[in-house]
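Hello,

Here is the structure I said I would pass on. My notes on it follow below.

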There are 2 protein chains.
Amino acid sequence: MAEDLPTVRLDDDALHAANLIARRRLPGVVVVDGGSGRPVAVLPGSQVLRFIVPYYVQEDPSLAAVFDERTADQCAASLRGQTVRELLPHESKRTELAMVDGDATAIECAAVMVRLRSPLLVVADGDTVHGVLTASHLLEILLPAADSGPA
Amino acid sequence: MAEDLPTVRLDDDALHAANLIARRRLPGVVVVDGGSGRPVAVLPGSQVLRFIVPYYVQEDPSLAAVFDERTADQCAASLRGQTVRELLPHESKRTELAMVDGDATAIECAAVMVRLRSPLLVVADGDTVHGVLTASHLLEILLPAADSGPA
């Protein structure tokens with residue numbers, strides 16, 4: 001039941017990953033270890049924004065006004081020369097990867113997603129990533145199609 | 001630049017909101033006050049899952065095995081007769097709504113989204129909801145299309 005989601009490697013170019021999320025309007029990408037292919041993290045779009053937006057603007061969004069039309073160049077510049085590894089929170093601060101085996105039931109998937117407060121769930125067996133699941137996809141599986149409630 | 005996202009009212013049927021998220025594969029819906037139309041919260045799909053999955057399964061996903069094929073009926077049953085208001089965290093625990101005015105710049109939107117750790121940003125002027133923005137949409141706006149980095 002998992003959906004395909006592109007994977008990127010820890011040492012891939014950060015701007016490449018950001019563009020992948022942007023152009024394909026993805027909630028995020030799965031980050032795998034370049035050597036083993038083992039999934040190590042999910043990089044959500046919001047984490048890339050966190051990296052792009054200067055800290056003083058995060059603290060006080062009204063300061064965003066100091067940004068002018070060159071914004072797009074500045075955003076790309078902040079990613080250039082960086083790797084995906086540098087976009088992720090430091091390893092010691094990384095939360096447990098929301099991941100289930102290929103044979104997990106829908107309710108088990110939902111439980112893991114809820115417990116880890118993750119918007120995405122990686123479905124993988126060992127180093128083989130099958131895809132990801134979103135909350136809305138799980139709801140679609142869990143709720144009987146015929147029952148749409150009172151109109 | 002905001003995208004259309006269905007709104008539901010606080011007193012709408014919970015199963016209706018859940019089905020809306022499921023069938024249209026939405027990251028969530030904007031919840032408005034039935035009287036004024038003022039946006040009061042975002043209901044993410046993950047919050048609906050939190051409501052559906054029994055607490056003991058959230059704590060120990062391996063207990064999901066006690067669920068059998070009747071799962072779908074059980075999930076719908078847990079929502080039946082509830083309102084959207086009951087799906088939301090209690091008002092005292094609700095986090096600040098991630099919202100910007102219609103004239104906010106993209107970097108300002110990104111700053112608010114990052115500060116409030118919200119995957120969705122409501123764009124509204126007073127009681128008029130214009131739509132929502134996702135992180136990937138903001139990245140698309142913030143990153144210059146021509147620059148996709150080294151292949």
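The contact between the two chains draws on 55 residues from chain A and 55 residues from chain B. Please keep in mind that this is a predicted model. The area buried between chain A and chain B comes to about 4,700 Å², and carbon and sulfur atoms give 67% of that.

Polar links are also present. The rule finds two salt bridges across the interface of chain A and chain B. One of them pairs Arg25(B) with Glu140(A), whose closest N and O atoms are 2.8 Å apart. For polar contacts, the count between chain A and chain B is eight residue pairs, with both residues at pLDDT 80 or more.

Which elements of chain A supply the side that touches chain B? Those giving two or more residues are helix H1 (14–23), helix H2 (45–52), helix H3 (55–59), helix H4 (71–79), helix H6 (106–115) and helix H7 (135–142). H6(A) provides the largest share, eight residues. Sorted by class, this side of chain A has 31 nonpolar, 11 polar and 13 charged residues.

On symmetry: in general, two copies of a chain are related by a rotation about an axis and a shift along it. In this model, a rotation of 180° with 0.0 Å of shift along its axis superposes chain A on chain B, with an RMSD of 0.0 Å. That is the relation of a two-fold axis. Of the interface residues of chain A, 100% are also interface residues in chain B, so the copies meet through the same surface.

As for the fold, chain A has seven helices and six strands. Read from the N terminus, the order of its elements is β-α-β-β-α-α-α-α-β-α-β-β-α. Along the principal axes, the C-alpha atoms of chain A fill a box of roughly 50 × 50 × 30 Å.

Last, the confidence scores. The model has an ipTM of 0.84 and a pTM of 0.83. The average pLDDT of chain A is 85, and 91% of the residues score at least 70.

Regards

Notes:
Residues numbered from 1 in each chain as written. Chains lettered and ligands numbered in written order. Predicted model: local features only at pLDDT ≥ 70, side-chain atom pairs only at ≥ 80, totals over all residues. Heavy atoms only, no water. Contact = heavy atoms within 4.5 Å. Buried area = accessible area lost by both parts, 1.4 Å probe. Salt bridge = Lys/Arg side-chain N within 4 Å of Asp/Glu carboxyl O. Polar contact = N/O pair within 3.5 Å; in protein donor to acceptor, adjacent residues only side chain to side chain. Helix = DSSP H or I, 4+ residues; strand = E, 2+ residues; numbered from the N terminus. Nonpolar A, V, L, I, M, F, W, Y, C, P; charged D, E, K, R; others polar. Least-squares fit on C-alpha atoms with pLDDT ≥ 70 in both. pLDDT = per-residue confidence, 0-100.
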